[in-house]
Amino acid sequence: MSSTSGKETQQGFSEQERAAMKARAEELRTETRGGKGAKKAAADEEAMLAKIAAMASPDREMAEGVHAIVTATAPELAPKLWYGQPAWAKAGKVVCFFRSGQGDKARYSTFGFSTEANLDDDSGLWPTSYALSELTEAAEKAIAELVTKALS
């Protein structure tokens, strides 16, 4: 522990970070035990949909909307959990993900991309995560365009 202005603060991982690491460890254990092919894909999708269903409103509705957009835009992406949050993968590697703002105790949720996404820009600088506070028509269109670009 360190002391700042007479107040002690803890160093290390937050409660949310520890929970995400535990969720990811469980996901990896499940992957090694799970089936293969269509059986595994169905189990991964079921787990992701259960996670979305357990979210509080409005994150649940946003996650459902993002799932619908991603699967309609890129049916080749497979739904799964990644660090305990909804994600979509190609050949087992996560391309994009949704993080619940309520789960992270943040004022907004996040739609983001992993290093597998082809979002690189010639400028050498490009965003990889987007704040999502409401799934507007403009946001839906932007997500579809970003997913398409990520797979290009």
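Helices here are DSSP runs of H or I with at least four residues, strands are runs of E with at least two, and both are numbered from the N terminus. With that settled, let's start at a loop. Y83 sits between β3 and β4. Its phi is near 55°, a positive value in a residue other than glycine.

P58 lies between α2 and α3. The peptide bond joining S57 and P58 is cis, with omega about 10°. For background: most residues other than glycine have a negative phi, and most peptide bonds are trans.

A word on what we are looking at. This is a predicted model, where local features need pLDDT of at least 70, side-chain atom pairs count only at pLDDT 80 or more, and totals for chains, interfaces and linings use all residues. Residues are numbered from 1 along each chain as its sequence is written, and side-chain values use heavy atoms, leaving out hydrogens and water.

How confident is the predictor? pLDDT is its confidence in each residue, from 0 to 100. The mean for the protein chain is 87, and 84% of its residues reach 70 or more. Residues 1-9 stay under 50. For that stretch the model has seven contacts beyond four places in sequence, a contact being heavy atoms within 4.5 Å.

On to the sheet. It is open, with five strands in the order β3-β4-β5-β6-β7, and the pairing is antiparallel. Two strands pair if DSSP finds at least two bridges between them. Which strands are at the edges? They are β3 (78-82) and β7 (129-132), each pairing on one side only. Neighbouring strands are turned by 25° against each other on average, direction ignored.

Look at one pair. β4 (residues 85-90) and β5 (residues 93-99) run antiparallel, joined by four bridges. W88 stands opposite C96 in β5.

Two helices pack on this sheet. Helix α3, residues 59-73, touches β3, β4, β5, β6 (109-113) and β7, and its direction makes about 150° with that of β5. Helix α4, residues 137-150, touches β5, β6 and β7, at about 25° to the direction of β6. Axes are lines fitted to C-alpha atoms, for helices over the stretch in contact; angles run from 0 to 180 degrees between N-to-C directions.

How do α3 and α4 meet each other? Their axes come within 9 Å and cross at roughly 40°. They are therefore oblique: under 35 degrees is roughly parallel, over 145 roughly antiparallel, 65 to 115 roughly perpendicular, and the rest oblique. V66, I69, V70 and T73 in α3 meet E140, I143, A144, V147 and T148 in α4.

Last, helix α2, residues 37-54. α2 packs with α3 at about 150°, their axes 8 Å apart. From α2 come E45, M48, L49, I52 and A53; from α3, R60, A63, E64 and H67.

Methods
pLDDT is the predictor's confidence in each residue, from 0 to 100.
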